[in-house]
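Me: Could you walk me through the charged side chains in this one? I'd like to go pair by pair.

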Amino acid sequence: MPEFIEKFRQKCRRKPKQIIFTDTLDVRVLQTARYLSDEKLAFPILLGTPSEIRAFAENNGIHTRGIRIHHPLHMDNYNAMVKDLYELRQFKGMTRFEAEEDLRNPITMGPMLIRHKQADVCISG
């Protein structure tokens, strides 16, 4: 392995980041989350329905032990994020109801978790 890659790996291990993954029903995403967790390079967080993610992972031979899985609607500060999203986009005509609906989507929730300092990075798409 090249020296610069090993240096990067060591740096990640010293201060692992919390990484949000939104496309959690993709084998490659689950494999990546598993690798990052196993190698202690990062703390992966999978957004979506926990039972669906666990079943999908199990069906593909990937265990989720040690990987956090969060349902967007069950986040501790969900209401604060709804309020924040609404305030950010109300000038474009977004209603509070639309903000609630948008936050049900992991692709919207991921960046809001970063904004609310509950994660460091969001990987989506």
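Reply: What follows is a short exchange about salt bridges and a charged surface patch. The model is predicted, so local features need pLDDT of at least 70 and side-chain atom pairs count only at pLDDT 80 or more, while totals for chains, interfaces and linings use all residues. Residues are numbered from 1 along each chain as its sequence is written, and side-chain values use heavy atoms, with hydrogens and water left out.

Me: How many salt bridges does the structure hold?

Reply: There are 10 salt bridges in the structure, the term meaning a side-chain nitrogen of Lys or Arg within 4 Å of a carboxyl oxygen of Asp or Glu.

Me: Where do K7 and E3 lie?

Reply: Both are in helix α1, four residues apart, about one turn of the helix, and their side chains meet in a salt bridge at 3.3 Å, N to O. Helices here are DSSP runs (H or I, at least four residues), as strands are (E, at least two), numbered from the N terminus.

Me: Are K7 and E3 buried or exposed?

Reply: K7 is exposed and E3 is exposed as well, where exposed means over 50% relative accessible area, buried under 20%, and partly exposed in between (1.4 Å probe, protein chains only).

Me: And what about E6 and R9, how far apart are they in helix α1?

Reply: E6 and R9 are separated by about one helical turn because they are three residues apart in helix α1, and their side chains form a salt bridge of 3.7 Å, N to O. E6 counts as partly exposed because its relative accessibility is 29%, whereas R9, at 12%, counts as buried.

Me: Which helix holds K83 and E87?

Reply: That is helix α4 (residues 78-89), where K83 and E87 lie four residues apart, about one turn of the helix. Their side chains meet in a salt bridge of 2.9 Å, N to O; K83 counts as partly exposed at 45% relative accessibility, and E87 also counts as partly exposed, at 41%.

Me: Which residues do shared partners join into one network?

Reply: Salt bridges that share partners link E6, R9, R13 and E39 into one network.

Me: Changing topic, which residues form the positive surface patch?

Reply: K11, R14, K15 and K17 form it; patch residues have over 30% relative accessible area and no salt bridge, with like charges joined within 9 Å and nonpolar side chains (Val, Leu, Ile, Met, Phe, Trp, Tyr) within 5 Å.

Me: Where is K15, then?

Reply: K15 sits in the loop between α1 (3-14) and β1 (17-21), and K15 is exposed, with a relative accessible area of 57%.

Notes: Areas by Shrake-Rupley, 256 points an atom, 1.4 Å probe, with all protein chains shown as cover. Lys, Arg positive; Asp, Glu negative; His and termini not counted. Charge placed at Lys NZ, Arg CZ, Asp CG, Glu CD.
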